[in-house]
Amino acid sequence: MGRYLKFIFISIIFIVLQTTVANIISIRSISPDFLLIWIVLIAIRYGQVESTLFGFAIGLLYDLATGGVIGLSSLSKSVSGFVAGYFYNENKTEITLGSYRFLLIVLLTALLHNLFYYLIYLQGSELNTFRSIVMIGGITALYTTTISLMPVFIFMRKYSFIR
């Protein structure tokens, strides 16, 4: 129970970061997805079920907080949590979090997240869907992966005694 309360508290902090800091550090309306990094962290540390459920809840709270399309972020973030959960290995958690593997997992899940998100979001739009997904989704995924270097450095320093 204590772990889930901690998840909820940290998730609220990440939602506040996503709605405030992400807009400040955005580059031409491209902003990193702090919530996705948090969901991947949950997936690597605790597994697929927790990350899928928290991905859904975090996405729903984010949609409610931002006034976005209700359910779109919850769907894309729960899919991201489900996919990231495949990389869960309780014996290699610290190694994964402190290495390039975490960056690759974030990049893969960010690409899938943005693919799901923009495929649904751009339905009925006159914008070129493929170009929008590649340009906005791809660049956003790269930006999110770049920001995810911070937890990698933190975990490298924290678990440096293991190597």
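Mentor: Let's start with arginine 157, which sits in helix α8. Its relative accessible area is 72%, so arginine 157 counts as exposed, the cut-off being over 50%. Keep in mind that this is a predicted model. Arginine 157 and glycine 98 lie 59 residues apart along the chain, yet their C-alpha atoms are separated by 8.0 Å.

Now for the helix pair. Helix α6 covers residues 100-121 and helix α7 covers residues 129-147; they pack at an angle of about 150°, and their axes are 9 Å apart. Because angles over 145 degrees count that way, α6 is roughly antiparallel to α7. The crossing of α6 past α7 is right-handed. On the α6 side, the residues making the contact include Leu103, Val106, Leu107 and Tyr118. On the α7 side, Ile133, Gly137, Gly138 and Leu142 are among them. Sorted by class, that contact has twelve nonpolar residues, seven polar ones and no charged ones.

Next, the core. The largest nonpolar core has 29 residues, and Trp38, Val40, Ile58 and Phe102 have the most contacts inside it. Each of α1 (2-24), α2 (34-46), α3 (48-66), α6, α7 and α8 (149-158) supplies at least two residues of this core. The largest share, ten residues, comes from α2. Take valine 40: leaving aside residues up to four places away in sequence, valine 40 touches Ala84, Phe102, Ile105, Val106 and Thr109.

Definitions and conventions:
Residues are numbered from 1 along each chain as its sequence is written. This is a predicted model: local features need pLDDT of at least 70, side-chain atom pairs count only at pLDDT 80 or more; totals for chains, interfaces and linings use all residues. Side-chain values use heavy atoms; hydrogens and water are left out. Axes are lines fitted to C-alpha atoms, for helices over the stretch in contact, and angles run from 0 to 180 degrees between N-to-C directions. Helices (H or I, at least four residues) and strands (E, at least two) are DSSP runs, numbered from the N terminus. Angles under 35 degrees count as roughly parallel, over 145 as roughly antiparallel, 65 to 115 as roughly perpendicular and the rest as oblique. A crossing is left-handed if the near helix is turned anticlockwise from the far one by less than a right angle, and right-handed if clockwise. Contact means heavy atoms within 4.5 Å. Ala, Val, Leu, Ile, Met, Phe, Trp, Tyr, Cys and Pro count as nonpolar, Asp, Glu, Lys and Arg as charged, and the others, Gly among them, as polar. A nonpolar core is a set of buried Ala, Val, Leu, Ile, Met, Phe, Trp, Tyr and Cys residues joined through side-chain atoms within 4.5 Å. Buried means under 20% relative accessible area, exposed over 50%, partly exposed in between (1.4 Å probe, protein chains only).
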